[in-house]
Amino acid sequence: MSMSAGWYLRRLSRMGPREVGGRVGDAVRRRRWRSSRPDCPDVTGARFTAVLPAGTIAAVPPDAAKRLVAEADRLLAGHAEYFGVVRDDLADPDWSYDPKTGRRAPSGYAFDVPYRNEDAVGDIKQIWELSRHQHLTVLAAAYALTGDERYAERVAGHLRSWWAANAPLRSVHWTSGIELGIRLLSWVWVRRLLDGWPGAATLFEDNPVALRQIWHHQRWLAAFPSRGSSANNHVIAETAGQFAAACAFGWFPASARWRADALRSLERRLRSNTFGSGLNRELATEYHGLVLELGLAAVAEADAAGVPVPATVRLVLLRMTDALAAVVDNRLRPPRQGDADDGHGLVVDGAGTDRWASLLATGDAVFGRLHWWPAVTGTDVRTPLLAALIRPGADPGFSGRAPAPGTPPRRTAPPGRWLRHTSGDTAHRGQAPGDGALRTGRTPAVSRPASRPDRFTDAGLTILRGPGEIWCRCDGGPHGFLSIAAHAHADALSVEVRHDGVDVLADPGTYCYHGQPEWRRYFRSTLGHNTLQLDGADQSVSGGPFLWTRHARSRVLVADTSDGEVARWCAEHDGYQPSVHRRRVELNSASQELRVVDEVRGPRREVRLAFHLGPAIAADLAGNRAVLTWTRDGEDRSAVLDLPGQLSWRAHRGESDPPLGWYSPGFGRKEPATTLVGTGSTDGTEGFTTVLGFKG
């Protein structure tokens with residue numbers, strides 16, 4: 001998919017003057033760099049000192065180590081899977097090849113490569129993913145755990161191959177800053193994990209080719225930061241990678257400046273990308289995970305190098321960790337909200353390791369778990385590695401650990417110096433700290449919730465919980481982040497319901513970004529979510545695959561989870577002006593019943609109300625009643641979904657023209673699932689009532 005002139009005009013309309021000026025400067029710089037590529041400065045006597053402390057590898061749990069080594073063995077055999085595509089060519093990969101389409105990205109000056117055009121380049125996600133070199137961190141970790149030099153030699157072979165095939169600014173791998181940033185972070189960890197291998201220094205600091213690549217990566221990132229309306233998770237990856245490399249590979253004349261500039265940007269961007277409650281402002285859960293991973297990795301590099309980090313960096317990461325612990329269901333699954341592309345910041349684990357359990361385990365090791373956190377039973381490799389480098393007391397007075405409930409506030413720093421630490425500082429019971437609690441001056445307050453938050457007012461997210469492990473996410477927040485809301489979906493007032501971790505009313509996911517516009521439109525559409533659509537249109541107006549030109553505005557009217565028997569939520573949005581869509585949700589714990597009432601205020605409109613069932617759910621629809629059945633851990637479960645009688649209901653499953661009835665378990669993968677769609681109009685009705693009743 002190539003971008004049209006109309007897209008460029010729409011994209012320009014979402015930029016401010018400062019961003020336009022910065023992008024004009026970028027364009028001039030790209031033109032100048034075409035013919036001016038300076039050599040890397042001479043580096044002599046470079047040594048890598050950011051090694052793991054003694055005993056770190058021995059702390060890796062045996063089952064996590066076993067999973068990692070099994071994954072590394074698959075990679076040694078040349079096997080891997082990326083976004084649903086199985087590859088068997090990784091013994092000696094073609095770094096510009098897309099196995100999905102069979103195309104190769106053209107070579108030449110990087111900024112001339114039309115990477116958005118799948119016909120010319122292939123699926124760019126398939127091409128870029130392998131070159132993040134996160135498979136190499138897995139192989140390097142396997143060497144660190146086993147001492148088997150086969151893993152180290154494969155890493156060395158791949159790096160030398162990549163460096164030879166991707167000279168600075170001469171391939172598609174030099175077009176996107178997020179790719180360069182994550183790749184740099186991978187190289188830092190590859191060097192760290194190979195430290196016991198005799199060839200490590202020869203591969204990196206004593207290798208002019210490696211030094212040239214590392215220098216050019218950092219020069220690129222310093223010159224072309226993501227700007228303005230694009231300063232989302234991409235800029236976090238860019239600054240985290242730049243900072244990590246400038247700490248661990250601080251061998252160049254510009255290293256100190258790169259390090260200082262990257263840290264300054266990282267601190268500012270972490271704050272701007274995160275609500276005060278700790279949720280990521282993109283309201284796309286997987287990007288919450290990505291940003292948290294990148295932030296923790298950056299702090300690890302700072303502590304390993306002895307570089308002071310602003311207190312607010314750790315504070316934001318602490319808030320993000322507590323927010324994650326608060327929103328997960330009983331199986332540690334977070335919401336499936338917004339875009340998701342399976343992106344990770346640092347990969348040193350094998351298949352079968354739970355990403356969210358791993359992040360919570362790291363949070364426990366670094367900040368300390370709160371008494372209301374869910375239990376984490378899984379193990380991982382990454383936590384002991386990061387925890388060995390991150391020093392919770394590295395900032396004066398900082399200790400993220402919260403005292404037990406009832407412990408009086410204490411000071412761990414001189415008054416006015418840095419820290420006020422309490423066991424909880426929330427506006428209301430069950431509400432996460434808001435923006436006002438995240439101070440950015442000299443004395444930021446460290447406050448952690450005394451009980452599990454279920455209301456994130458600034459993010460418009462509310463979690464209703466009931467017996468039988470009923471979990472319901474209600475969405476009444478902003479459409480997305482920044483003027484383009486790149487990773488948002490048109491999902492205002494949508495609900496997501498699980499029972500013991502099983503998707504009952506599911507968010508269908510993302511599936512794809514580039515190359516399949518009809519599928520991209522469907523998975524981010526209003527019809528593609530558990531909400532109400534009017535006149536066949538989305539609530540927000542799309543201007544491209546990562547661009548929204550008009551954002552529906554939502555507001556939460558009621559979020560009351562204090563009643564022990566009935567939890568209530570109500571919100572409305574203005575995406576269908578002059579009409580207003582209002583939704584009320586009640587979860588009755590006594591009856592295990594969820595009631596959803598949709599009201600449309602305004603002129604007569606055509607209605608489609610969709611409920612997407614999870615892939616494990618079988619549905620028997622008769623009239624306006626659907627009997628839902630599924631199995632969990634060998635036990636049969638069921639529920640009854642009574643749908644509004646004013647609408648005509650039909651079940652859809654696995655339809656492609658147009659797409660309807662699909663669930664995407666991960667990027668690049670989709671499977672049929674049942675979607676129930678009711679059609680009718682708002683004429684002569686006061687509301688549409690849906691009742692989901694779970695059987696005990």
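The model is predicted. A search of the whole structure finds 49 salt bridges and 0 disulfides.

- Strand β8 (residues 495–499) pairs with β9 in the antiparallel sense, over 3 bridges.
- Within this pairing, His499 stands opposite Val502 in β9.
- Strands of a sheet pair through backbone hydrogen bonds.

- The side chain of Arg498 makes a polar contact of 2.7 Å with the side chain of Glu496.
- A second polar contact, at 3.2 Å, joins the side chains of Arg498 and Asp503.
- Leaving out residues up to four places away in sequence, Arg498 touches Asp329, Arg333, Pro334, Pro335, Arg336, Glu469, Ile470, Trp471, Asp503 and Val504.
- Arg498 also belongs to a network of salt bridges. The linked residues are Asp329, Arg333, Arg473, Glu496, Arg498, Asp503 and Asp507.

- Side chains of opposite charge can pair when their charged atoms come close.
- Asp503 forms a salt bridge with Arg333, with the closest N and O atoms 3.0 Å apart. Asp503 is in strand β9 and Arg333 is in the loop between α14 and α15, so the pair links parts of the chain 170 residues apart.
- Asp503 is buried at 6% relative accessibility. Arg333 is partly exposed at 23%.
- Asp500 and Arg331 meet through their side chains in a salt bridge, 3.1 Å from N to O. Asp500 sits in the loop between β8 and β9, and Arg331 in the loop between α14 and α15 (355–366), so this pair ties together parts 169 residues apart in sequence.
- Asp500 is buried, with 11% relative accessibility. Arg331 is partly exposed, with 32%.

**A salt bridge between two β-strand loops**

- The side chains of Asp535 and Arg605 form a salt bridge of 2.6 Å, N to O.
- Asp535 is in the loop between β10 (532–534) and β11 (541–544). Arg605 is in the loop between β16 (593–601) and β17 (606–612). The pair therefore ties together parts that are 70 residues apart in sequence.
- Is Asp535 buried or partly exposed? Asp535 is partly exposed, with a relative accessible area of 42%.

**His133, buried in a loop**

- His133 is in the loop between α5 (124–130) and α6 (134–146).
- The relative accessible area of His133 is 0%, so this residue is buried.
- Not counting residues up to four places away in sequence, His133 touches Trp95, Leu159, Trp162, Arg183, Ser186 and Trp187.
- The C-alpha atoms of His133 and Ile182 are separated by 8.4 Å. These two residues are 49 residues apart along the chain.

**Cysteines**

- A disulfide is a covalent bond between the sulfur atoms of two cysteines. The search of the whole structure finds 0 of them.
- Cys247 is buried, with a relative accessible area of 12%.
- Cys512 also counts as buried, at 4% relative accessibility.

Definitions and conventions
Residues numbered from 1 in each chain as written. Predicted model: local features only at pLDDT ≥ 70, side-chain atom pairs only at ≥ 80, totals over all residues. Heavy atoms only, no water. Pairing = 2+ DSSP bridges. Helix = DSSP H or I, 4+ residues; strand = E, 2+ residues; numbered from the N terminus. Buried < 20%, exposed > 50% of the residue type's maximum accessible area, 1.4 Å probe, protein only. Contact = heavy atoms within 4.5 Å. Salt bridge = Lys/Arg side-chain N within 4 Å of Asp/Glu carboxyl O. Disulfide = S-S within 2.5 Å. Polar contact = N/O pair within 3.5 Å; in protein donor to acceptor, adjacent residues only side chain to side chain.
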